[in-house]
Amino acid sequence: MRLTDPEGQSVEAWIRHLELVFQANGITAESEKAIIAIAQFGGIIDTWYRMICYQKGVVHLGQWSEIKHLLLKEYRGRRYEQQVRDRIFLLNQQIGEGSLTDYIRRFTSLALQLTTATQEE
């Protein structure tokens, strides 16, 4: 499954798919995961990746965790972050809509999706 267009496909879904491929094939080494992921880049993602490598002065990023972090940082975008914030704002616990534990679980799940949360939030 190639990753070519961040607007046309979900980066999160692509990462989840790749993580399943790693798990199914018993691939645990970060460097091996990185090579497999890079081989799936195409189009604008490949251009973005080559630019990142150039800026860092390296031929390739050697760790899958770093590649994954940079992909999410770049392509999740502010719009996604705002959507999560909006969902947190609208989240409430009402009588008959589940327990306090359910509310806390939903809130925590949303909050963990934010990469730029401020102390006030």
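Contact, as I use the word in these entries, means heavy atoms within 4.5 Å. I note at the outset that I am reading a predicted model.

**Entry 1, the H1 and H4 pair.** With that cut-off in hand, I listed the residues through which the two helices touch: Val11, Glu12, Trp14, Ile15, Leu18, Glu19 and Phe22 on the H1 side meet Trp64, Lys68, Leu71, Leu72 and Tyr75 on the H4 side. Sorted by class, this contact of H1 with H4 holds 9 nonpolar and 3 charged residues, and no polar ones.

I then looked up the geometry, since two packed helices are described by the angle between their axes and the distance between the axes. Helix H1 covers residues 11-24 and helix H4 covers residues 64-75, and I found that their axes come within 10 Å and cross at roughly 165°. Angles over 145 degrees count as roughly antiparallel, and H1 is therefore roughly antiparallel to H4. The handedness of the H1 and H4 crossing I recorded as left-handed.

Ile15 sits in helix H1, and I count Ile15 as buried because its relative accessible area is 7%, where the limit for buried is under 20%. I also looked up the separation of Ile15 from Leu71, which is 56 residues in sequence and 9.2 Å in space, taken from C-alpha to C-alpha.

Is Glu12, a charged residue by class, buried or exposed? Glu12 also has its place in helix H1, and at 18% relative accessibility Glu12 counts as buried, because the limit is under 20%. Leaving out residues up to four places away in sequence, I found that Glu12 touches Leu72, Arg76 and Tyr80.

I turned next to helix H3, residues 43-56, whose axis comes within 12 Å of that of H4, the two crossing at roughly 115°. H3 passes H4 in a right-handed crossing. On the H3 side the contact is made by Ile44, Ile45, Trp48, Tyr49, Ile52 and Lys56, and on the H4 side by Glu66, Ile67, Leu70, Leu71, Glu74 and Tyr75. By class I recorded 9 nonpolar, no polar and 3 charged residues for this contact of H3 with H4.

Of its 121 residues, 30% count as buried. I noted an accessible surface of about 8,300 Å², of which 55% belongs to carbon and sulfur atoms. Among contacts between residues at least 6 apart in sequence, I found that 61% join residues at least 24 apart.

Note on methods:
Residues numbered from 1 in each chain as written. Predicted model: local features only at pLDDT ≥ 70, side-chain atom pairs only at ≥ 80, totals over all residues. Heavy atoms only, no water. Axes fitted to C-alpha atoms, helices over the stretch in contact; angles between N-to-C directions. Helix = DSSP H or I, 4+ residues; strand = E, 2+ residues; numbered from the N terminus. Parallel < 35°, antiparallel > 145°, perpendicular 65-115°, else oblique. Left-handed = near helix turned anticlockwise from the far one by under 90°. Nonpolar A, V, L, I, M, F, W, Y, C, P; charged D, E, K, R; others polar. Buried < 20%, exposed > 50% of the residue type's maximum accessible area, 1.4 Å probe, protein only. Areas by Shrake-Rupley, 256 points an atom, 1.4 Å probe, with all protein chains shown as cover.
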